[in-house]
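Hello,

My notes follow below it.

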Amino acid sequence: MEVALKEILLSKGKVWLGIDIDPSWIQFQPTRKGVRGDVTLMVFPFAKALQLPPAQVAELIGKHVKSEVSFVTDFEVIQGFLNFVFSETLWSDQLIAIHQNDSFGIADPDSKQMVMVEYASPNTNKPLHLGHLRNIFLGYAVAQLKKAHGHQVIKTQVINDRGIHICKSMLAWHRFAPLQSNGERETPANSGLKGDKLVGKYYVEFEKYLQLEVKEVLTRWNTGDFSNTSASALEKFQELDQALVGKEGKAEAAILDKIKELAKNETEILRAAQDMLVRWEGRDPETYLMWSAMNGWVYEGFAVTYQRMGVDFDKLYYESDTFLLGKDQVMDGLARGVFYQKPDGSVWIDLTPDGLDEKLVLRSDGTAVYMTQDIGTAIERFHDYPSLSSIVYTVGNEQDYHFKVLFLILDKLGYSWAKNCFHLSYGMVDLPSGKMKSREGTVVDADDLMEEVVNAATVMTQERGQIAELTEGERHNLFESIGMGGLKYYLLKVDPKKRMLFNPEESIDLTGNTGPFIQYTHARINSLLRKAGPIQIDESALVIESGEIELIKVLAAFPQTIAEAADNYSPALLANYLYELTKAYNSFYQQSPILNETNEGLRAARILISRNIAKVLKTGLIILGINAPERM
RNA sequence: GGUCCGCUAGCUCAGUUGGAUAGAGCAACUGCCUUCUAAGCAGUAGGUCUCAGGUUCGAAUCCUGAGCGGAUCACCA
């Protein structure tokens, strides 16, 4: 409608007002709540150009539009705002159009370019935690949004399966896991422990032991015993020890931290882990076997977690496969002068002209760093999918700088797709007690949390739910859908780029702005529709009043919301829209009879609206990765 | 210190081409189940949109500066 009005203003404006109309003057917005009208035209730009009072200009435009545009039945002028009132048939036509479109809001599949969405880049030494949940739900929802918006989507993850962290778990398991009577060490099979939990347990063991050893080293150093200490460490220690003199508070703590770091590298157990990494890179059979076995346990554990989360991937990338990929690209870039080499052999890129720093892209010993690997992986992906147009990286905002540099390097290497790549940067999840810290044991485990929210949903649903007709299995699914729905919505409703607070009590709440609130409304509408039975709707006899129009307006905004949420990589926009729609419907539902309405045309219109609101709620929830139960 | 991000009600958050009286939820208080699912609805109370300037018909929104909080600036990933 706005498009039509704009065209008329552009074509007739000169005749009506006597001057050429600049398209930028034409600014529409939905008419404010509580004011009569459907769409508002800003008249200030016109008034300014005409040198006339806004009210007078508004009156002039309004009169012409009313007489020449069929669907505008009236207009009203308030201050500098010109509010148009649309005809009722316009709204009933709109409702019918929505009703007839089963995939309302969803763009034609594959009508847009192919995008790859990367989310969940777990390390294989620890179980998943709350931070991963935000990452994964967010990435999955963005993938779904892109799909709904017409893109072909490849969901992927990079698994950080190599490096010192996994060697730590391996070493600790090898040293500390008790030998059982049959000669085996602890495994998921013989202990019943989930694979990722088992490996994580030994990672913690490693860290504990490391801390003990660090303490010993520090004690030795403080008493002047430097046996077993490398010459370079001794030198640095003396330097730092000198620097301590006269320092207090923060400055002192910073130096003490550095000394601690130094001591870490002088511990036997860390050196053993480093040796193990070297052996792994040398494909030492025993090490490699242990590595693949323990990673296998972790993958089995992750699979269970992912399944409960309801997410999946189309393609997996393993760092152990990709960590060397970037080296050729770096050597190639070096030859072309994009990079430069220092005397020690390390390769760098100078980004100071772009306002950034110099960045290492290859170590002096020729091994790959994080950046090398990411360069290689990105290029590999465009080889794997020749029609790919961009990659979305769902990674925490602590890596903003890394991705800025990565995209810049890819651009300098001459890849035109680099400018299409996007870092979906999300904020950290804080707890009421502050930041999650693994060292302090304040990390919220993903499996534990999911169990908790589903338990809470189970209790509440058994108490209040309409579940008498459901089988045992259906109930189980329902509890799962409500608990997980609440958790997902809780994490998705907040603007992704913002840091957010995770309040455990609120996360299991089922009232207010929550997932279950929306699910409940959807289920209630379905109950209503079941009672209504099959109905014949006489489209020409629909009766639409102001309350109905309000709901149709919100419904009609759905496609636009999908588009915006997809373009902005923000499931939060969709989540908030669904909440608005739910609130609007509930308010209507409480004050207007639907099945009990005696006016046939009105009853039909209300049923039609209810049905289509349920349809939109379900479509939207599924995009967010949330189930929409038929009854609850 | 350089760079980037954030700051809106007691708490958690919406507020995206600058637009009318800044909105929700939670917590507090008051009502509404003998009509379609009360996980709901209606209402009361709660605001110097961190601060100071600027741009203009109009600023929570754009610009500049300051304050507070966070991230980042590794031959870690």
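**Surface near the RNA**

Helix H23 gives the most to the surface near RNA strand B, with 8 residues. Please keep in mind that this is a predicted model.

In total, 64 residues surround RNA strand B, and the closest are Asp344, Arg363, Arg499, Tyr520 and Arg524. Sorted by class, this surface has 25 nonpolar, 21 polar and 18 charged residues. The elements that each supply at least two residues include strand E1 (28–30), strand E2 (39–42), helix H2 (44–50), helix H17 (446–464), helix H20 (515–532) and helix H23 (571–591).

- Base: a base nitrogen of RNA strand B lies 2.9 Å from a polar side-chain atom of Ser364.
- Phosphate: a polar side-chain atom of Lys531 is 2.5 Å from a phosphate oxygen of RNA strand B.
- Sugar or linking oxygen: the side chain of Asn596 has an N or O atom 2.8 Å from such an oxygen of RNA strand B.

**Aromatic pairs**

A search of the whole structure finds 28 aromatic pairs. Two of them are described here.

The ring centres of Trp280 and Phe323 are 6.2 Å apart with the planes at 45°, so this pair counts as tilted. Trp280 belongs to helix H11 (residues 268–281), while Phe323 is in the loop between helix H13 (319–322) and helix H14 (325–335), so the pair ties together parts 43 residues apart in sequence. Trp280 is buried, at a relative accessible area of 2%, and Phe323 is buried as well, at 9%.

For Phe558 and Tyr577, the ring centres are 5.7 Å apart and the planes are at 25°; the pair is stacked because that angle is under the 30 degrees cut-off. Phe558 lies in helix H22 (residues 558–567) and Tyr577 in helix H23, so this contact ties together parts that are 19 residues apart in sequence. Phe558 is buried, with a relative accessible area of 0%, and Tyr577 is buried with 8%.

Tyr119, Phe302, Tyr306 and Phe313 form one aromatic cluster.

**Charges over rings**

Trp280 also has the charged end of Arg283 over its ring, 5.9 Å from the ring centre. The charged end of Lys342 sits over the ring of Trp348, at 3.8 Å from the centre.

Regards

Technical notes
Residues numbered from 1 in each chain as written. Chains lettered and ligands numbered in written order. Predicted model: local features only at pLDDT ≥ 70, side-chain atom pairs only at ≥ 80, totals over all residues. Heavy atoms only, no water. Near = heavy atom within 4 Å. Polar contact = N/O pair within 3.5 Å; in protein donor to acceptor, adjacent residues only side chain to side chain. Helix = DSSP H or I, 4+ residues; strand = E, 2+ residues; numbered from the N terminus. Nonpolar A, V, L, I, M, F, W, Y, C, P; charged D, E, K, R; others polar. Phe/Tyr/Trp six-rings, centres within 6.5 Å; stacked < 30°, edge-to-face > 60°. Buried < 20%, exposed > 50% of the residue type's maximum accessible area, 1.4 Å probe, protein only. Lys NZ or Arg CZ within 6 Å of the ring centre and 35° of its normal.
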